[in-house]
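Have a look at the model first, then read on.

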Amino acid sequence: MADSIMSKAATMEIPINSNGDSRTAEDDSLEQDLQQVMVSGPNLNETSIVSGGYGGAAEGIIPTSSIKAPSMHHSNSLSAMMSEEATRGIAVEKFDSVKKWSINTYKCTKQMFSERFGRGTRTVDLELEAQIDVLRETKLKYEHILRLAQSLTANFYNMVQTQQALGDTFADLSQKSPELQDEFGYNAETQRLLCKNGETLLGAINFFVSSINTLVNKTMEDTLMTIKLYENARLEFDAYRTDLEELSTGPRDAATMMRIEIAQQEYQIHKDKYERLRSDVTIKLKFLEENKVKVMHKQLLLFHNAISAYFAGNQQQLEQTLRQFSVKLKPPGSDKPSWLEEQ
């Protein structure tokens with residue numbers, strides 16, 4: 001019975017479609033179902049890995065989108081560590097800077113009060129201190145000269161403007177008053193000449209003021225700034241010198257010897273700084289004195305010759321004085337406002 005069934009199954013015909021494939025309608029339906037599943041199926045990035053076997057609990061599902069590459073995680077961790085180390089290094093550097101500044105400020109303040117109340121000693125260079133006092137006194141006097149010269153310029157400028165207005169008025173009246181035409185004309189010409197000479201003198205005075213201003217507020221001020229740095233360095237030097245002397249008179253145990261060695265190094269650093277700035281001040285004072293004499297010799301001669309020529313009524317000598325000292329006036333008809341208009 002079984003043999004007859006097997007032989008019958010072996011001789012059964014397999015239907016073939018028009019394309020020569022041995023496929024049935026059921027096969028076509030199955031293929032369409034598979035294609036539909038592939039099209040509407042889940043994205044590979046959204047698939048899940050089931051860790052509990054088929055039909056496991058929901059908590060065993062691990063989303064594949066949460067899985068990161070080990071190299072990327074290591075790179076991010078390394079970057080974070082480097083950033084943290086850099087931040088920590090900056091913080092430590094700032095803390096050390098603030099700590100050093102605080103110690104230095106404390107020592108200098110202590111030294112300053114000790115000197116003020118007569119309990120401390122200070123390093124004094126008598127010759128240099130005398131030169132610094134002379135410079136400060138000279139600067140005050142030159143500032144007074146500068147203020148007076150600026151006041152003279154302003155007042156004389158007002159006079160020149162009044163003379164110009166008076167000359168214009170005389171000239172206008174000379175045309176409208178035939179009976180006094182000559183008299184108004186003479187006065188108009190005189191006021192115009194005085195106005196012209198006044199502008200020339202103002203040019204000389206303005207040059208004088210500008211040079212004194214440069215000498216006082218730039219050259220002398222630059223030297224005084226160096227002197228201020230020198231005085232601060234002197235205070236620091238004395239503060240660390242006093243600290244070293246106090247440590248040297250104490251016990252000589254291991255901890256104290258280490259502190260003495262550190263204090264000796266700090267003392268030498270501030271000593272070198274003090275001596276360097278003292279040398280800078282000495283050189284600047286020397287060059288300042290030479291420059292002051294040179295500048296003031298020229299400016300005082302210019303001021304004297306210009307004033308004398310103006311009030312003597314010598315127009316040629318006044319103009320020659322300005323040419324001698326290379327003082328240039330604003331050319332007539334210039335559109336830019338002159339220094340007279342800027343006062």
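1. The largest nonpolar core counts 44 residues, and Ile132, Leu135, Ile227, Tyr230, Val281 and Leu285 have the most contacts inside it. Such a core is a set of buried Ala, Val, Leu, Ile, Met, Phe, Trp, Tyr and Cys residues joined through side-chain atoms within 4.5 Å, with buried meaning under 20% relative accessible area (1.4 Å probe, protein chains only). α5 (181-248) is one of the elements giving two or more residues, and α5 gives the most, with 18.

2. Caveats: this is a predicted model, where local features need pLDDT of at least 70, side-chain atom pairs count only at pLDDT 80 or more, and totals for chains, interfaces and linings use all residues. Residues are numbered from 1 along each chain as its sequence is written, and side-chain values use heavy atoms, leaving out hydrogens and water.

3. Take Val281: leaving aside neighbours within four places in sequence, Val281 is in contact (heavy atoms within 4.5 Å) with Leu128, Ile132, Thr226, Ile227 and Tyr230.

4. Helices here are DSSP runs (H or I, at least four residues), numbered from the N terminus. α4 (residues 126-176) packs on α6 (residues 254-311) at about 25°, axes 12 Å apart, which makes the pair roughly parallel (angles under 35 degrees). Axes are lines fitted to C-alpha atoms over the stretch in contact, and angles run from 0 to 180 degrees between N-to-C directions.

5. α6 and α7 pack at about 160°, with axes 8 Å apart, so α6 and α7 are roughly antiparallel (over 145 degrees). Leu302 and Tyr310 of α6 are among the residues making the contact, as are Leu318 and Thr321 of α7.

Notes:
Parallel < 35°, antiparallel > 145°, perpendicular 65-115°, else oblique. Buried < 20%, exposed > 50% of the residue type's maximum accessible area, 1.4 Å probe, protein only.
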